[in-house]
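Let's go through this one in questions and answers, starting with the ligand.

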Amino acid sequence: MNITFCCADTRPEPWLEGLRAALPGATVSEWQVGAPQADHAVVWSPPQQFLDEQPGLKGLFNIGAGVDALLRLRLPPGVEVVRLDDAGMSVQMAEYVCHAVIRHFREFDGYEADMARGRWSFRKPRMRAEFPVGVMGLGVLGQRVARALRHFEFPVHGWSRTPKAVADVVCHAGAQGLDEFLASCRVLVNLLPLTPDTRDILNRRTLSRLQPGGYVINVARGAHLVDDDLLALLDSGHLAGATLDVFRTEPLPKEHVFWQHPKITLTPHTSARTLREESIAQIAGKIRALERGEPIAGVVDRVRGY
Ligand SMILES: NC(=O)c1ccc[n+]([C@@H]2O[C@H](COP(=O)([O-])OP(=O)(O)OC[C@H]3O[C@@H](n4cnc5c(N)ncnc54)[C@H](OP(=O)(O)O)[C@@H]3O)[C@@H](O)[C@H]2O)c1
């Protein structure tokens, strides 16, 4: 069995070694122009030429959860596109989102600024019931985040394409459920995949429906958010702030207004990183299952886009 590795911005050696150790008997090599046909590929942002030269692939394993960039390419017709299915990302996402929600709710930025100026300040405690959190996307990451938020006793709402049941989470579904979902939330967490249906979904119309003093946490993709609409709602005071981990252009361009905005907290696409060992173990297990003709989790529906 031949495995080829073609991942942009990734040091190949540790991945190649890890895949060789996990799949003894397989030939694992880094892709080069004109390389022989492989059975499976491990990829991140591969060039179109790679896919054009590998029409016989059975499995195309993306080393991330989001496949939006991959699906924009012309793919071999019969290949199974497989995304990472948690692989250590959901706990990181839960940490990141709970940290952002709690920092905002408990006004830790304000206390830190006061202490830095030598002020021993008092702020009236806020009521958790007045900070319902909405999680857009109740998939692998969204459900883990929703459960983690419930641990801190925030009221939690969730929104997905098809109806879901998650313990202690008020679940809404579909386009017809979106407005009710938004109106139920003061803090909005975006964990949707980027598809034609979800591009630009965080816009003036949707963000205006959040409760006054709303707060936006975008940890999915930059193209979900209409930057100017967020800025307008922050400036009007309808929104109190935002934590953004993902951007339309990454790295975020030096001149972008987000860098200096006093109500926006930024991180460099780091909310849930791909963990190499977990990912290799998961991918190797799925390659073995596919070779045995067994079904696997995390296969992408190319029409749906996730
Ligand atoms: N910032 C980072 O570091 C980072 C890291 C990893 C992932 N991500 C992003 O997080 C995204 C989510 O990952 P995941 O593993 O949780 O994905 P997932 O398991 O595929 O879950 C996607 C969820 O979104 C819902 N959804 C999709 N289209 C929708 C629509 N049109 N309307 C309403 N709901 C819709 C799905 O609804 P159904 O349940 O009904 O199908 C599902 O609940 C990824 O696609 C990626 O973009 C970011």
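Q: How far is a polar side-chain atom of Tyr306 from an oxygen atom of the ligand?
A: A quick note first: this is a predicted model, with local features needing pLDDT of at least 70, side-chain atom pairs counting only at pLDDT 80 or more, and totals for chains, interfaces and linings using all residues. Residues are numbered from 1 along each chain as its sequence is written, and side-chain values use heavy atoms, leaving out hydrogens and water. A polar contact here is a pair of N or O atoms within 3.5 Å. For Tyr306 the distance to the ligand oxygen is 2.5 Å.

Q: How much of the ligand's area does the protein bury?
A: Areas come from the Shrake-Rupley method with a 1.4 Å probe. Taken alone, the ligand exposes 940 Å², and the share of that buried by the protein is 92%.

Q: Which element gives the largest share of the shell around the ligand?
A: Helices (DSSP H or I, at least four residues) and strands (E, at least two) are numbered from the N terminus. Those giving two or more residues to the shell are α4 (89-105), α6 (140-151) and β7 (156-160). The largest share is three residues, and it comes from α6.

Q: A backbone N or O atom of which residue lies 2.9 Å from an oxygen atom of the ligand?
A: There are 30 residues around the ligand (a heavy atom within 4 Å), and Arg83, Leu141, Thr162, Lys164 and Tyr306 come nearest. A backbone N or O atom of Gly139 sits 3.1 Å from a ligand oxygen. The residue at 2.9 Å is Leu141.

Q: Which peptide bond is cis, with omega near -5 degrees?
A: Look in the loop between β11 (239-244) and β12 (264-266), where Pro251 is found. The cis bond runs from Glu250 to Pro251.

Terms used
A polar contact is a pair of N or O atoms within 3.5 Å; within protein, one must be able to donate a hydrogen and the other to accept it, and residues adjacent in sequence count only if both atoms are side-chain atoms.
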